[in-house]
Amino acid sequence: DVRYLREASWARSISKWVAQRPDDPDLAPWLKQLEKDRGEEHAYEVSLAARLFDWTVRNIQLAPLLPFPGQAAGPAGGAAAGTPGVSPIQQATPGPGYTAFPWQTLVYGQGDAWQRARVFMLLCRQQQIETVMLAVDDARLSPRPQPWLPAALIDDQMYLFDTGLGLPIRAAGGAGIATLAQVRQDAGILRALDVGTEMRYAKGTADLAQLVALIDASPEALSYRMKAFELEAAAGEPLFVAVAAEDLAKRLKSRAGITAVDLWQIPFQAWVYRGALFARANQDPEAMRRLMYDQMILENVHPLTQGRVQYFRGNFEKTADNPGAKGYLVEARVPNKVIGQIETSPEVQASLGLVRTRENDQEWAYRLQIAKGMATGIKQTATYWLGMIHYETGHYETAIEWLKRRSLEASEDNPWKPGARYNLSRVYEALGGLEMARKTLLLDDSPQKHGNLLLARYLRERRERQTKLGATAP
């Protein structure tokens, strides 16, 4: 329960300061028209959902969506591998969505499309925007139903946000965010998401009449104790931690025309996978390492974690009693000279708390190698997150320094290159450099490549509109 409440608290903090951010200028004209057509409250909720989605895409680097493991699959060398009657998840076999709780996705800053969706929906919940994961019920797909994308239910409309593309689905003509009703009426909306003939939008030919709305509700969110906690917390600053799944199902059926509603299995599968990982930890050093790293994160014992949490809280700068996100992340960055001496200098080893016990030479050398790798990885992560903070605070030129020179160009093996490239493009866009932003996206070869190529197309179209307007201006 403590982890779950902390997760909700982080989401509340993030959603509060993101709500203060300006709207996407590309959406602004459409939002003004939406306000006239549907009212101010409706337009505000749509714009808020768009801002929360944008934060999710920028801050959660997309990882590949793993295939759902076959029933006979098992972890290599795992004790339960091939055990009759034991599911792959019970054998801690990785698969789509269930390998991380939302708090892990938030802290680590990366996740697959379904994990991204859970973060987005978690943020929306704290702003009382109801969301579901739409899924296609096709007998040819596994798992069935096949999750597609999260949708925000606002009044009687379901607005579509694709966490795999990293983009909202655009309405016909590229104006605004498409609703489910519009996509059902106009198949061309999804076909417009194709990039050439080789990169086709996967759900472009799906039968959208056979959709299931999956409610993202963890076991904690469905418990009476969380409902009681939520009622008690309502007297102060509300923290929304309970999900009234039955009531939401009724609203979906009456308002949005969704006839099939179910609980999403991923939140429950995440708990099963977590339990299986604990069972494997005694025999699998990698499982033990992951669990120990999670525990370090939860205890906030490392400056990297403390900096990340301060970022969630919107505490970017140093104050009299708080180093702020920047201060902690700068502290987490061990100088390259020190990293280079970890394996050879007793003084450096002592300064980093590396003390040799009864290890033989080979074991000690291996531990030092691991420590050097961790120090490098932590520095790369802190560097990338500092670039993100400079973006959030409007220090765009400084953000370019951290995202481009210190992240993209610093080393070949930096795991944050996809996120750094995407956010660098967003910095160029914020500075008005649409062509530079577009060219940066065209270099991408990450799991978000499809969406980034679409975004590059949208930037080109916007630049052409601006050029046309400039040419016709008196």
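Is helix H12 (residues 303-313) mostly covered or mostly uncovered? Select H12: the helix is mostly covered, with nine of its eleven residues buried. Buried means under 20% relative accessible area, exposed means over 50%, and partly exposed lies in between (1.4 Å probe, protein chains only). Helices (H or I, at least four residues) and strands (E, at least two) are DSSP runs, numbered from the N terminus. The buried set in H12 includes Pro303, Leu304, Arg308 and Phe312. Step on to Gly314, which follows H12 and has a positive phi, near 80 degrees.

Before going further, note that this is a predicted model, in which local features need pLDDT of at least 70 and side-chain atom pairs count only at pLDDT 80 or more, while totals for chains, interfaces and linings use all residues. Residues are numbered from 1 along each chain as its sequence is written, and side-chain values use heavy atoms, with hydrogens and water left out.

**Strand E3**

Select residues 130-136, strand E3. Six of its seven residues are buried, so E3 is largely enclosed by the rest of the structure. Val136 stands opposite Gln146 in E4. Strand E7 (residues 211-215) also pairs with E3 in the antiparallel sense, over four bridges. Here Ala135 has Val212 of E7 as its bridge partner.

**Salt bridges**

A salt bridge is a side-chain nitrogen of Lys or Arg within 4 Å of a carboxyl oxygen of Asp or Glu. By this rule the count comes to 32 salt bridges. Show the side chains of Arg118 and Asp216, which meet in one of them at 2.9 Å, N to O. Arg118 lies in helix H5 (residues 113-126) and Asp216 in the loop between E7 and helix H8 (224-233), so the pair ties together parts that are 98 residues apart in sequence. Both Arg118 and Asp216 are buried.

For a contrast in cover, go to Arg406 and Glu401, whose closest N and O atoms are 3.2 Å apart in a salt bridge. Arg406 has a relative accessible area of 31% and is therefore partly exposed; Glu401, at 25%, also counts as partly exposed.

Next, select Arg462 and Glu429, which form a salt bridge at 2.6 Å, N to O. Arg462 is in helix H20 and Glu429 in helix H18, so this pair ties together parts 33 residues apart in sequence. Arg462 and Glu429 are both buried. Both belong to a network of salt bridges whose members also include Asp26, Asp54, Arg58 and Arg426.

**The second largest pocket**

Which residues are the closest to the centre of the second largest pocket? Of the 50 residues that line this pocket, they are Asp24, Pro25, Asp26, Arg426 and Glu429. The pocket has a volume of about 1300 Å³. On a 1 Å grid over the protein atoms alone, a pocket is an open set of points with protein on both sides within 12 Å along at least five of seven lines, and lining residues have an atom within 4 Å of a point. The volume is the space filled by probe spheres set on the points. Among the elements that each supply at least two lining residues are H2, H16, helix H18 (417-430) and helix H20 (449-472).

**Last stop: Lys36**

Select Lys36 in helix H2 (residues 28-38). With 71% relative accessibility, Lys36 counts as exposed.

Methods
Two strands pair if DSSP finds at least two bridges between them. On a 1 Å grid over the protein atoms alone, a cavity is a set of points where a 1.4 Å probe fits but cannot get out, and a pocket is an open set with protein on both sides within 12 Å along at least five of seven lines; lining residues have an atom within 4 Å of a point.
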